[in-house]
Structure formats: structure tokens, C-alpha cells
Amino acid sequence: MVVRVTGVPGEHAAPEDLRERTVRFLRHWRLRADGSALSGTSSLVTPVTTPDGTPAALKVQHLDAECAAEATALRTWSGDGAVRLLRDDPPTATLLLERLHAHRPLTALPDPHEATTVLATLLTRLTAHPAPPGIRHLGDIAQGMLDRTPWALGAEPDPAVRALLQDCAAALREVADTPGAHLLHWDLHHGNILTADRAPWLAIDPKPLAGDPGFELLPALVDRYDPADTHWRFDALTGALGLDRERARAWTLARVLQNRLWQLADPAAPRPVPDVRLEVGAALRRR
């Protein structure tokens with residue numbers, strides 16, 4: 001059986017082990033591939049048809065801490081704002097999902113304000129669910145960030161960025177003791193929202209986390225970034241979710257800190273110029 005792999009623009013072809021696993025699960029679950037697979041750096045998604053004729057999508061991926069609970073989250077949401085899970089294989093994190101329109105993401109919506117409203121509506125639905133047991137907790141992640149902050153301040157070469165990171169860490173300390181217990185998507189940007197037959201828009205590809213919904217906002221603030229739009233988007237998101245703005249600001253600054261910690265820990269990681277996450281952090285710090 002041949003699986004045709006079509007790389008998503010800007011991404012890499014799927015590794016051989018993911019292609020081999022795709023073939024194995026096509027046979028094991030008696031699925032028929034009926035389109036070109038979409039490949040990312042760590043996953044391969046193949047449109048398939050189930051034995052009863054249902055259109056679906058087979059997702060194989062490298063198992064790591066971020067995707068380990070994806071099936072648990074999707075099962076908890078049960079299609080409420082997110083793609084439906086039809087079947088899964090826990091040892092490999094292989095998923096059989098409902099078929100969405102992979103080539104019609106929210107990025108195609110011309111109006112960024114309308115896109116922000118769509119995203120906010122989905123976040124409201126997703127974060128209304130309590131996190132199930134076994135999901136990674138924001139409290140642990142927050143403490144890890146604070147523990148690494150002194151190292152980051154020593155490693156950061158830019159004095160202006162060091163000052164911003166200090167402020168981000170200070171904001172995080174104010175909320176770290178109350179990290180929340182909502183089910184978070186953690187990576188809801190425009191590319192992770194697709195159209196579907198049963199709903200105008202649905203979320204895909206969560207990196208599940210138990211925590212405060214304020215930690216969800218940064219991807220929506222940097223997508224199709226417009227510095228003049230930062231405060232409008234922040235107000236639209238916090239208003240739709242009913243969040244306390246100061247807490248949401250603190251958790252968003254924490255997310256800025258987290259991103260910079262990742263960059264500093266990996267010297268080979270790309271450093272966008274300008275780094276819009278830092279720009280968002282600076283804008284919210286001044287608010």
C-alpha cells in the first residue's frame with residue numbers, strides 16, 4: 001500500500017518511521033487511504049475511509065509529553081469545539097479523527113478581527129471543560145519557569161529583553177500559586193482551526209494542559225501580528241472568556257517568558273526578527 005505524502009508549505013517530509021506506522025495502522029484498523037497525507041515535523045495525517053464508509057483522518061505522531069494526552073483531551077471535549085476522536089492507540093498516540101477540511105484553516109479568513117472572534121468563541125467552549133485526571137498541570141510548568149529564570153537572565157544577551165523577562169517572571173510569581181484547572185488547548189492559533197461539515201470551525205492538534213485560560217492567549221495575539229491590534233485582541237479575548245484582565249496579562253507574560261526560555265535553551269532555535277512575542281510582552285507590560 002502506497003501513502004502519498006504532500007508536505008505542508010514550510011514543513012518537512014514525514015520521517016520514514018511515521019510512514020511505516022501509517023501503513024501498519026491502515027492495515028490494523030482496516031482503513032483505506034483516499035488522499036494525499038499532510039506531513040509536519042512530528043506528525044503525518046492521512047485522509048482515510050473506515051470500513052463502514054465514514055470519511056476520517058489517521059494521525060500518527062512522535063510520542064512526547066505534549067501529545068501524550070491528546071486523545072484524553074479530545075475525548076473530554078467530545079466534539080464540543082474540537083475535532084472528534086473516533087479511535088486511538090495509547091502506546092503510540094495514534095489517532096483516528098473525524099475528517100475536517102484540511103485546506104481551509106482559519107488563516108484563510110481575510111479579516112483578522114473576525115478570526116480573533118472565531119478563536120475566542122472556540123476557546124470559551126474548550127476551556128469550559130474541567131481538566132481530566134492525568135493531564136500535565138500549569139502549576140508545575142510555572143514553577144519550572146521560575147526556577148530557570150535566573151539562568152535565563154544570565155544567558156540573555158540583550159539588556160532590554162532581560163528587563164522584559166524580569167517583569168514577566170514578576171508577573172508570573174503573582175499568579176503561580178493559583179494556576180487553575182481548566183482543560184487548555186495550549187496551541188490554539190489560526191492554523192489549528194479548520195472548517196468542518198458539522199460546524200463552521202473546529203480546533204485540532206491540542207497540547208493538553210490543566211490550568212488558567214489566560215495562558216491560552218499568546219498564540220492568538222501573535223498570529224497575523226499587528227502591533228496596533230494587540231490591545232484590541234487582548235480585550236476581545238479576555239472579554240469573550242470572562243477573564244480577569246490582570247490575571248490574563250500575567251499569564252500571557254508568563255507565556256512570553258516560556259517562549260524565550262525555549263529559545264535560550266536551544267541555541268539553534270530560530271530567532272525571528274522582530275520577535276513578535278517579545279513585542280506583545282512589551283506592549284502588555286506597559287498597559
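**View 1. Aromatic pairs, starting with Phe25 and Trp29.** The count comes to three aromatic pairs, where rings of Phe, Tyr and Trp (its six-membered ring) pair if their centres lie within 6.5 Å, with planes under 30 degrees apart called stacked, over 60 edge-to-face and the rest tilted. Phe25 and Trp29 make an edge-to-face pair, at 4.9 Å centre to centre and 65 degrees between the planes. Both Phe25 and Trp29 are buried (under 20% relative accessible area, with exposed over 50% and partly exposed in between, using a 1.4 Å probe and protein chains only). This is a predicted model: local features need pLDDT of at least 70, side-chain atom pairs count only at pLDDT 80 or more, and totals for chains, interfaces and linings use all residues. Residues are numbered from 1 along each chain as its sequence is written, and side-chain values use heavy atoms, leaving out hydrogens and water.

**View 2. Trp186 meets Phe215.** Ring centres of Trp186 and Phe215 sit 6.3 Å apart with planes at 35 degrees, so this pair is tilted. It links distant parts of the chain, 29 residues apart: Trp186 is in the loop between strand S9 (182–184) and strand S10 (193–195), and Phe215 in the loop between strand S12 (209–211) and helix H6 (218–222). Helices (H or I, at least four residues) and strands (E, at least two) are DSSP runs, numbered from the N terminus. Trp186 and Phe215 are both buried.
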